[in-house]
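Thanks for sending this one over. Here are my notes, as numbered points, to read alongside the model.

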Amino acid sequence: MNVASRRQLLRWAGWFAAANAAVFAVAGLRFLLSYPGGADPLGIVYTVLAVVGHFSLLAALPVVLVVVPLALVTGARAWVSAVAVLLMALVLTLLVVDGNVFAEQRYHLTPLTAVLFEPATWVLVGIIAVTALAFEALLAGTVWRWVEAAPARGGRVLALVLGLAWIGSQGMHIWADALGYTPVTQLTRYLPAYFPIHAKRTLARLGLVDAAAVERARLLRRAGAEGGGQLAYPLQPLRCAPGESPPNLLVVLIDALRPDAVHPGLTPNLVALAEQGTTFANHWSGGNSSRAGIFTLFFGLPASYLEAFYGVQQPPLLLQEMQRQGYQLGLFAAPGFSAPADIGRTVFAGVPGLPGERRDLDAIGRNLAVTDGWLAWLAAHDSTRPFFGFLYYDPPMGQMGADPGGPLPLGERFTANAEAATAWRQYRRAMQRVDGELGRVVGDLRARNLLDNTIIVVASDHGYEFDDNGLGYLGHASNFSPAQLRATLVLRWPGRTPATVFRHRSSHFDVPVTLLEDAFGCTSPPADYTVGRNLFAGQDWDWIIAGSYNSHAIVTPDRVIVTHPGGFVEVLGPDYRPVAGAGIDPRVVEAALRDMRRFYR
């Protein structure tokens, strides 16, 4: 086949992609039937650009990645047409089936949801696939006749327009995300396989976004308790009757503190606190990242809801109830309140005056500033009102020397991996520093005679791995093994028996309901606002939903079912290695998916 024929094949491939972009966009309109977009002009423009750009991209990717290389290599019209038809039929089938799932369940299609399909559903999927294949074959023939009828049809102009639509939508999202403009950001979860660009920190670092303007926009555009029409959270209004002397609450969050790193020689202040309070020795985070872990700790909901809450900027009921009861808020975070955890748009959405990231300080200085800021705030607070303190420490591993310098508690446990051994030494030294800050905080509370009326929660957002399983993983947010999901939780709760250790399988999901019930007098059924249960009930979790930045898992005591981007699912054992022939319990999957959709409208 000659060059002209290949040129014709490429022209056909381009127009076939353009035709399917229109088809996919029409099919994608079903996702918008439940979208509470409102009448905001910029929101409408963004929605149009996002739909056009996103579905054009979904149509273009198979052509660019597969069809065009095949056309250039073989030049065979029959092969190129057949492969293109099959690929587009597959995408169209997935879009239609996903639209059906989303319309009913409010989550997108994954292999885990397919596990629950009844035989009749698979028959319907087969009918949709055959129909899509026949349709794409007819469309391919129509496009061939279109291409052969005239040498030029303005394809370059159309490609430019579609490309500009995608670029325009991404540019609008970058701007809206930086300013917290919810009429734009709330669209994200409605479109399948849609991952718009975030660049808040980059814009701020380049001086392209004014911090004060961002703060004003964030407060003005926050959707509030209605969830922007997306969320049914809570299912029923919260019923609370606070006591005459409400307790103070202090949450000390230590990034990545493993429970097996809590040791008298390493974290003496935390150990002393545990001896005066309650330790949950088998506690699990709801995520392997700070973003997911902190979200689950305050909301008591799976991290799959995070994008929806982030998009509409709705805070958790725990914070709303404290504000309703007149609590003063003293909030300090070494990493700041924006990316990567984005707690300023979720946990503390709507709180004015959140401190920005201290770029003028190094990591050690930022942790010191958390304690200094808190001590100054507490000295000046109104003592007639209860307070809520949030101190978020980020252990400065990068500034810790890796030289031996004498023995450290807990020994050199990870010697098989040189990088892990070095990181383990830096990690312990960093935790020693943060524990010193905790000592300052508790000592100040004691000096002010506040310990007897202050609930202290010391928790980590997630764990930290030092190649525990021999698979080369170091750090966090890379897998769902116990090393990355096991978290620290110590409570010092006035009036409760000290030095108590609970060994049931607890989770971050349990913390909000425990505080709302036992500290703030709330009597609503927990199922109205959380998937968790009271920590002191001692109930084991049979399975836990764990999230990350772009994947999630269902974690049982002997299995980890991981769903990766692109739909790949794997079943792993306790050693985080594939389990040959392992099945997926549909009852567990169904229960997990029910929790992941329960609080959507």
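1. Asn-248 is buried, with a relative accessible area of 6%; buried here means under 20% relative accessible area, exposed means over 50%, and partly exposed lies in between, with a 1.4 Å probe and protein chains only. Asn-248 belongs to strand S1. Helices (H or I, at least four residues) and strands (E, at least two) are DSSP runs, numbered from the N terminus. What does the side chain of Asn-248 meet in a polar contact? The partner is the side chain of Thr-454, at 3.3 Å. By polar contact I mean a pair of N or O atoms within 3.5 Å; within protein, one must be able to donate a hydrogen and the other to accept it, and residues adjacent in sequence count only if both atoms are side-chain atoms. Leaving aside neighbours within four places in sequence, the residues in contact with Asn-248 include Tyr-327, Arg-385, Phe-387 and Ile-455, contact meaning heavy atoms within 4.5 Å.

2. A word on provenance. This is a predicted model, in which local features need pLDDT of at least 70 and side-chain atom pairs count only at pLDDT 80 or more, while totals for chains, interfaces and linings use all residues. Residues are numbered from 1 along each chain as its sequence is written, and side-chain values use heavy atoms, with hydrogens and water left out.

3. Strand S1 is part of an open sheet of seven strands, in the order S4-S5-S1-S6-S9-S2-S10, with mixed pairing; two strands pair if DSSP finds at least two bridges between them. At its edges stand S4 (328-333) and S10 (500-502), each pairing on one side only. From one strand to the next, the twist averages 10°. Axes are lines fitted to C-alpha atoms, for helices over the stretch in contact, and angles run from 0 to 180 degrees between N-to-C directions. Helix H14 (residues 363-380) packs on this sheet and touches S1 (248-254), S4 and S5, its direction making about 170° with that of S5.

4. How is strand S5 (residues 387-393) paired with S4? The two run in the parallel sense over six bridges, and Leu-331 has Phe-390 as its bridge partner in S5. S1 and S5 also pair in the parallel sense over six bridges; here Leu-249 has Phe-388 as its bridge partner in S5.

5. Why is S5 largely enclosed by the rest of the structure? Seven of its seven residues are buried, so the strand is largely enclosed. In a regular strand the side chains alternate between the two faces of the sheet. In S5, Phe-387, Gly-389, Leu-391 and Tyr-393 point one way, Phe-388, Phe-390 and Tyr-392 point the other way, and all are buried.

6. Helix H15 (residues 418-447) is worth a look too. Its 30 residues reach 44 Å from the first C-alpha to the last, close to the 44 Å expected at 1.5 Å a residue, where the expected span is 1.5 Å times one less than the number of residues. At the start of H15, a side-chain oxygen of Asn-417 comes to within 3.0 Å of the backbone nitrogen of Glu-419. Just after H15, Asn-449 takes a positive phi of about 60°.

7. There is also an open sheet of four strands, in the order S12-S13-S14-S15, with antiparallel pairing. S12 (544-547) and S15 (569-572) stand at the edges with a single partner strand each, so one side of each is left without a neighbour in the sheet. Neighbouring strands are turned by 20° against each other on average, direction ignored. S12 and S13 (residues 552-555) pair over four bridges in the antiparallel sense, with Ala-553 in S13 as the bridge partner of Ala-546. Helix H18 (residues 586-597) packs on this sheet, touching S12 and S13, and its direction makes about 130° with that of S13.

8. Finally, the chain as a whole. Its secondary structure comes to 18 helices and 15 strands. Of the 601 residues, 53% count as buried. Among contacts between residues at least 6 apart in sequence, 77% join residues at least 24 apart.
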